[in-house]
Each structure stands twice: as C-alpha cells, then as structure tokens.
Amino acid sequence: MTDQSYLSRIIQSYQESYDLTVPYVCEGLSFAAYGHFYAHQEKYMLVREVKMWESNGFDHVFFLEVDMATEDTAADMDRIIRQYAEPELVRGGGKYPMANHMYSDITYGILSKGRIELPVVKLI
C-alpha cells in the first residue's frame with residue numbers, strides 16, 4: 001500500500017463523523033489533514049424546559065506526514081498542542097473552555113515513511 005493510499009483510507013474513515021480540512025497549515029507546520037468533531041448531549045426531566053444537565057465534547061485530530069519521525073517531530077507536535085490546540089481550539093482564546101465543556105481530545109497521527117526509533121516512539 002502506498003503512503004498516499006494509506007492516508008486516503010484514513011481520511012475516508014474520518015469523513016463520516018469529522019469536519020476535515022485537507023491539507024491544513026497551523027503555526028507554520030503543514031499537516032496532511034486536520035479534523036474536528038463536536039458532540040452535544042442533554043438530559044431532560046419530562047419536558048425540554050426542565051433540563052437536568054448538558055455537556056459538550058470536542059475531538060481534534062491532526063495528521064502529519066514525514067519522511068522520518070524524529071525528536072523534532074515530537075517537539076513540533078507538543079508545541080502545536082501547547083501553543084495552538086489547547087488555548088485556541090479548546091479554550092477558544094479565553095481563560096477557560098466554554099460553558100458545559102465536558103472534554104476535548106487532541107490526537108495526532110504521524111505517518112512516517114521510515115521506521116521510528118524507540119526513543120522517538122517514547123517521546124510521542
């Protein structure tokens with residue numbers, strides 16, 4: 001299977017539930033794709049006007065294609081999560097996430113053409 005067909009299969013599997021941007025550039029780093037998913041849940045007591053609770057969940061996934069995943073690759077992903085994904089995507093630029101925020105998952109997939117060395121795997 002070629003790299004491109006593997007990425008195409010991954011993107012196809014995410015298309016059903018995620019809003020995808022292919023390709024995606026963030027903080028000077030080019031990603032093969034970025035996707036996000038939003039889930040809203042509410043629980044009512046007999047009628048909608050008597051809401052017991054509600055929650056909002058978010059999932060963000062970044063796909064990065066590299067020739068060889070290195071320690072720099074792991075550092076770049078860590079930087080993206082700390083400087084962009086968490087403050088902007090999770091908190092919307094504010095001090096705290098939106099009301100009724102239950103969870104935000106931030107996932108990244110690294111598609112490496114070469115074998116990833118064990119120390120790099122541990123970093124990732």
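S55 is found in strand 5, where helices (H or I, at least four residues) and strands (E, at least two) are DSSP runs numbered from the N terminus. The structure is a predicted model, in which local features need pLDDT of at least 70 and side-chain atom pairs count only at pLDDT 80 or more, while totals for chains, interfaces and linings use all residues. Residues are numbered from 1 along each chain as its sequence is written, and side-chain values use heavy atoms, with hydrogens and water left out.

The pLDDT, the predictor's confidence in each residue from 0 to 100, averages 87 over the protein chain, and 98% of the residues score at least 70. Confidence is lowest in helix 1 (residues 3-15), with a mean of 84, and highest in strand 1 (residues 19-21), at 92.

With a relative accessibility of 6%, S55 counts as buried; buried means under 20% relative accessible area, exposed over 50% and partly exposed in between (1.4 Å probe, protein chains only). Apart from neighbours within four places in sequence, S55 is in contact with A39, H40, Q41, N100 and M102, contact meaning heavy atoms within 4.5 Å.

Helix 2 (residues 71-90) has a kink of about 40° centred on I81, the bend at a residue being the angle between axes fitted to the seven residues ending there and the seven starting there. At the start of helix 2, the backbone nitrogen of D72 lies within 3.2 Å of a side-chain oxygen of T70. Just after helix 2, G92 has a positive phi of about 60°. The buried residues of this helix are T73, A74, M77, I80, Y84, A85, P87 and V90. They pack against strand 2 (24-26), strand 3 (29-31), strand 5 (47-66), strand 6 (101-112) and helix 3 (118-123).

The structure contains 8 aromatic pairs, defined by rings of Phe, Tyr and Trp (its six-membered ring) with centres within 6.5 Å; planes under 30 degrees apart count as stacked, over 60 as edge-to-face and the rest as tilted. The ring centres of Y18 and F37 are 5.6 Å apart and the planes are at 40°, so this pair is tilted. Y18 lies in the loop between helix 1 and strand 1 and F37 in strand 4 (residues 33-45), so the pair ties together parts 19 residues apart in sequence. Y18 is buried, at 16% relative accessible area, whereas F37 is partly exposed, at 28%. The rings of Y38 and F58 are likewise tilted, with centres 5.2 Å apart and planes at 40°. This pair links distant parts of the chain, Y38 being in strand 4 and F58 in strand 5, 20 residues apart. Y14, Y18, F37 and F63 form one aromatic cluster.

Notes. A polar contact is a pair of N or O atoms within 3.5 Å; within protein, one must be able to donate a hydrogen and the other to accept it, and residues adjacent in sequence count only if both atoms are side-chain atoms.
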